[in-house]
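Here is a friendly walk through one protein model, from single residues up to the whole chain. Have the viewer open beside the text as you read.

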Amino acid sequence: MTKFENADDNEINKFDKVSNIWWDLKGEMGTLHTINPLRTKFIMDAVHVRAPKVLDVGCGGGILSEALAKSGAEVTGIDLSQASLEVARQHAKGQGLSIDYRYESAEEIALKNTGHFDAVTCMEMLEHVPEPEKIIAACSQALKKDGHAFFSTINRTPKAFLFAIVGGEYILRLLPRGSHTYDKLIRPQELKSWAQENGLEFVRLSSLIYNPFTRKFKVVDAKEDVNYMMHFIKR
Ligand code: SAH
């Protein structure tokens, strides 16, 4: 049992168990590596601050945290999977990167560091928590005024069920089986209203669209597809 209220023990255990494959580019986390340059660009193109202070919520093995650090951000990564955090720390060390990885909940860090960050990223994480709206509230609380929030997740539509769960986990093996539960997926409109209720103004939505023939993803602006990313500004 974790001591954290807004965390699902089964989910955390699942990530503890796969923590050894975070950096296996050809393994089942490979998709995160494939989309990483695209999402890093989506984030860094929007943040016009030198050496921005970025909080990466649900950082896992640090795939995004490292890319952000390499792009000049001062990164704090939080996660509740201790095994993943350990992998992240060791990997960053091997890369000569200084990233502050902490075993802390989003709610906790937001209380201690209210209004501290230039940007908060929370990618592929909201669909794994009991109350995603509380994570969004914490992300907003941790941001400075005019700070940037970025969320990405999987849409809850029949197409998403078919492509992300059946196709992604079972046929193409782009993701570990059992990674996602349909009911926990989030529609863009839901994410948008939770964000707006927490003082975040919508800026942009883009989808990451997979081509199974070329095995590449491309970013398509303003289209709600299976995998999407959203950008907000705190007002
Ligand atoms: N953001 C990373 C990893 C996504 S996987 C990336 O995109 O590369 C989802 C991560 O969320 C896992 O590492 C899992 O341990 C973490 N997680 C799940 N519930 C959490 C919670 N309540 N608080 C913080 N992290 C959580």
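## A loop residue to start with

Aspartate 183 is found in the loop between α7 (158-171) and α8 (188-197). Helices here are DSSP runs of H or I with at least four residues, strands are runs of E with at least two, and both are numbered from the N terminus. With a relative accessibility of 66%, aspartate 183 counts as exposed; the cut-offs are under 20% relative accessible area for buried, over 50% for exposed and partly exposed in between, using a 1.4 Å probe and protein chains only. Threonine 157 is 26 residues away from aspartate 183 along the chain, and their C-alpha atoms are separated by 10.0 Å.

A word on the ground rules: this is a predicted model, in which local features need pLDDT of at least 70 and side-chain atom pairs count only at pLDDT 80 or more, while totals for chains, interfaces and linings use all residues. Residues are numbered from 1 along each chain as its sequence is written, and side-chain values use heavy atoms, with hydrogens and water left out.

The loop between α7 and α8 also holds proline 176. Is proline 176 buried or exposed? At 12% relative accessibility, proline 176 counts as buried. Setting aside residues up to four places away in sequence, proline 176 touches Glu28 and Glu169, where contact means heavy atoms within 4.5 Å. Alanine 119 lies 57 residues from proline 176 along the chain, with 29 Å between the two C-alpha atoms.

## The whole chain

The protein chain has eight helices and eight strands. Its radius of gyration is 16 Å, close to the 18 Å that the globule rule gives for 235 residues, so the chain is as compact as a globular protein of that length. That radius is taken over C-alpha atoms, and the rule is 2.2 Å times the number of residues to the power 0.38. Along the principal axes, the C-alpha atoms fill a box of roughly 45 × 35 × 35 Å.

Of the 235 residues, 53% count as buried. Among contacts between residues at least 6 apart in sequence, 70% join residues at least 24 apart. The accessible surface of the chain comes to about 11,100 Å², and 53% of this belongs to carbon and sulfur atoms; the areas come from the Shrake-Rupley method with a 1.4 Å probe. As for charge, the mean positions of the 30 positive and 31 negative charges are 6 Å apart. Lys and Arg count as positive and Asp and Glu as negative, with His and the chain ends not counted; each charge is placed at NZ of Lys, CZ of Arg, CG of Asp or CD of Glu.

## The two sides of α1

Which residues of α1 are buried? They are Asp9, Glu11 and Ile12. They cover an arc of only 160 degrees around the axis, which puts them on the same side of α1; the arc is that of the directions from the helix axis to the C-beta atoms. Asn10 and Lys17 are exposed on the other side of α1. The background is simple: an α-helix has 3.6 residues a turn, so residues three or four places apart point the same way.

Glutamate 11 sits in this helix, which spans residues 9-17. Its relative accessibility is 7%, and beyond its neighbours up to four places away in sequence it touches Glu127 and His128.

Glutamate 66 lies in helix α3 (residues 63-70) and counts as buried at 2% relative accessibility. Not counting residues up to four places away in sequence, glutamate 66 touches Trp23, Ala88, His91, Ala92, Gln95, Leu97, Ile99 and Tyr101.

Methionine 44 belongs to helix α2 and is buried, with a relative accessible area of 18%. Leaving aside neighbours within four places in sequence, methionine 44 is in contact with Pro52, Leu68, Ser71 and Ala73. The C-alpha atoms of methionine 44 and glycine 30 are separated by 22 Å, and the two residues are 14 apart along the chain.

Alanine 51 has a positive phi of about 45 degrees although it is not a glycine. Its place is in the loop between α2 (30-44) and β1 (53-57), and alanine 51 is partly exposed at 43% relative accessible area.

Arginine 215, also not a glycine, has a positive phi near 60 degrees. Arginine 215 is in the loop between β6 (200-211) and β7 (216-221), where it counts as exposed at 62% relative accessibility.
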